[in-house]
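Subject: Structure for you, with notes

Hi,

Here is the structure I promised to pass on. Have a look at it first, then read my notes below.

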Amino acid sequence: MDLEDKFREIGGWEEKPKNIQAELRDDISADVVIIGAGLAGLCAALELVKDGSKVVVLEKEFAGFGASGRNAGYLGGALGLKYELFLKKLGNEAAKNVVNFYEEGVNFAEKMFQEYNIQCDYNQSGLIRAAIHPSQEKQIHEEIRIAAELGCSLEFWNNSKMRAKGIPSAFLFGSYIPRGGTLNPGKYILGLREAAIQAGVKLYENTPLISFTEGAVINVKTPNGSVNAPNLIFASNAFTPKMGVLASTIVPLRVSAIETEPLSQAQLDALGWPGREGITTSHHIMESHRLTARNTLVCTTKQLRYIYGSNTPNKPDYVHYRALKNALNERFPFLKDISIKSCWSGYISYANDSIPVVGTLGSSSNIYYATGCSGHGLGTQGMVGHMIAQKIQKKDENPLLSFLMAHKNPSTLPEPFRWCVLNSALYAASRLDEKVNQKVKGL
Ligand SMILES: Cc1cc2nc3c(=O)[nH]c(=O)nc-3n(C[C@H](O)[C@H](O)[C@H](O)COP(=O)(O)OP(=O)(O)OC[C@H]3O[C@@H](n4cnc5c(N)ncnc54)[C@H](O)[C@@H]3O)c2cc1C
């Protein structure tokens, strides 16, 4: 299996934009300076410019370079979240808020597609969390029960329903959520990028923050310029700890993806799956399988990795890509000869309690941050950026934002314990998942 020449360091969805915005080479001032041009940063900027604010976005590479341009494209609300963990850690009322936050993220993204007329191949198909072995049935029913308790209604699709819907046969039964669906995340983030440029947001690409000072007026330094502003938003997600912020609260985890060459009409006919519902499995570390508008299959996750020191190297992970290709072969055996078009990796941010990390820093409480969506931020990271923008504009504060800002996430362990504990836990989860895979092979 030769994947060596398939790695794409900018993710697999789209090409780098042709109109890269010039690097900052001046000392300027703004009403708000935003670090990072992903979903959080661009959605915050788009809201802020509406009232005439001068908004500067500093982006280390180009807008969409981070997770926002390389995710799997599941606009999935709370499906697949660890409901029982929220209940255990937070109690019923607060857990309902977390679930509601993720569910609202779906509505928010759908509104953005419409407001900015972004064509991102959105298929409002709903999503399935599927079992691959009968032993997973109890867990799926339990998830449906707790989700209902927390205000999120999932349907159980039994084997007959899955077959009637033409879902590939490796996926036996599962929970279905009719809201949300799948999209091309590259088209979504590049659509937001164009909208922001058109709206007058000053986007500086190839412009990393290298340092900042706090105070009533914040000064941000970049290699060849600086920005003074009374408000700063860190919308830099998994990269934030490397800027000396939230280093003991969030950890970056590497997630990988592979995409096949387009399926032929005969292969599509054999596959079925007419609704193209995005599927995630109910492994401890899920596999996700989806068909794209360009008739390719995209398979993601299956394993997660933590790199020592919260580093985020943009390097290939061939071990992981091979594991994903094996998963693809196991779930779609009749496609085992299909070639892989591209593979890539990216980083999500994760807090010890899996609750989003949103709040303020600094003596003037004018440095905002929004991170920690644990790989489920396609809807919510944009929404939280938007809610922070509204808070800066002194509009009525969204109660979900108040809830998240009041929540105190626990600290993570210092190195080297962090590396040992996290990777041991991830390894143990993978071993348990592998046991299920072996049982499936034995069926
Ligand atoms: C492989 C993969 C699959 C995923 N699949 C899904 C999915 O299907 N559904 C879902 O809901 N979520 C998914 N996620 C998670 C989702 O993509 C993220 O939660 C979301 O995109 C985060 O958006 P963001 O704007 O907070 O961060 P990012 O998109 O990561 O943006 C941060 C930006 O900050 C920039 N930056 C970093 N350092 C600096 C600096 N010093 N100065 C200036 N800029 C800097 C980066 O270049 C980057 O552009 C996935 C993530 C990955 C990696």
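You'll find histidine 407 in the loop between α10 (399–406) and α11 (417–442). Helices here are DSSP runs of H or I with at least four residues, strands are runs of E with at least two, and both are numbered from the N terminus. Leaving out residues up to four places away in sequence, histidine 407 touches Leu90, Asp353 and Ile355 (contact means heavy atoms within 4.5 Å).

Before you go further, some ground rules. This is a predicted model, where local features need pLDDT of at least 70 and side-chain atom pairs count only at pLDDT 80 or more, while totals for chains, interfaces and linings use all residues. Residues are numbered from 1 along each chain as its sequence is written, and side-chain values use heavy atoms, with hydrogens and water left out.

Now for the inside. The largest nonpolar core has 76 residues, and Ile34, Tyr83, Phe101, Tyr188, Leu192 and Ile233 touch the most other members. (A nonpolar core is a set of buried Ala, Val, Leu, Ile, Met, Phe, Trp, Tyr and Cys residues joined through side-chain atoms within 4.5 Å.) Helix α3 (residues 92–115) gives the most to this core: 11 residues. Apart from it there is another core of 29 residues, including Ala170, Leu297, Leu324 and Leu335.

Next, helix α1 (residues 39–49) is mostly covered, with 11 of its 11 residues buried. Those buried residues pack against β2 (32–35), β3 (55–58), α3, α6, β13 (231–234) and α9.

Setting aside residues up to four places away in sequence, valine 201 touches Ala45, Val49, Val55, Val57 and Ala196. Valine 201 and lysine 54 are 147 residues apart in sequence, yet 7.3 Å apart in space, C-alpha to C-alpha.

How do α3 and α9 cross? The axes of α3 and helix α9 (residues 377–392) come within 7 Å and cross at roughly 85°, which makes α3 roughly perpendicular to α9. Axes are lines fitted to C-alpha atoms, for helices over the stretch in contact, with angles from 0 to 180 degrees between N-to-C directions. Angles under 35 degrees count as roughly parallel, over 145 as roughly antiparallel, 65 to 115 as roughly perpendicular and the rest as oblique. On the α3 side, the residues that meet α9 include Phe101, Tyr102 and Phe108. Among their partners in α9 are Met383, Val384 and Met387.

Methods. Buried < 20%, exposed > 50% of the residue type's maximum accessible area, 1.4 Å probe, protein only.
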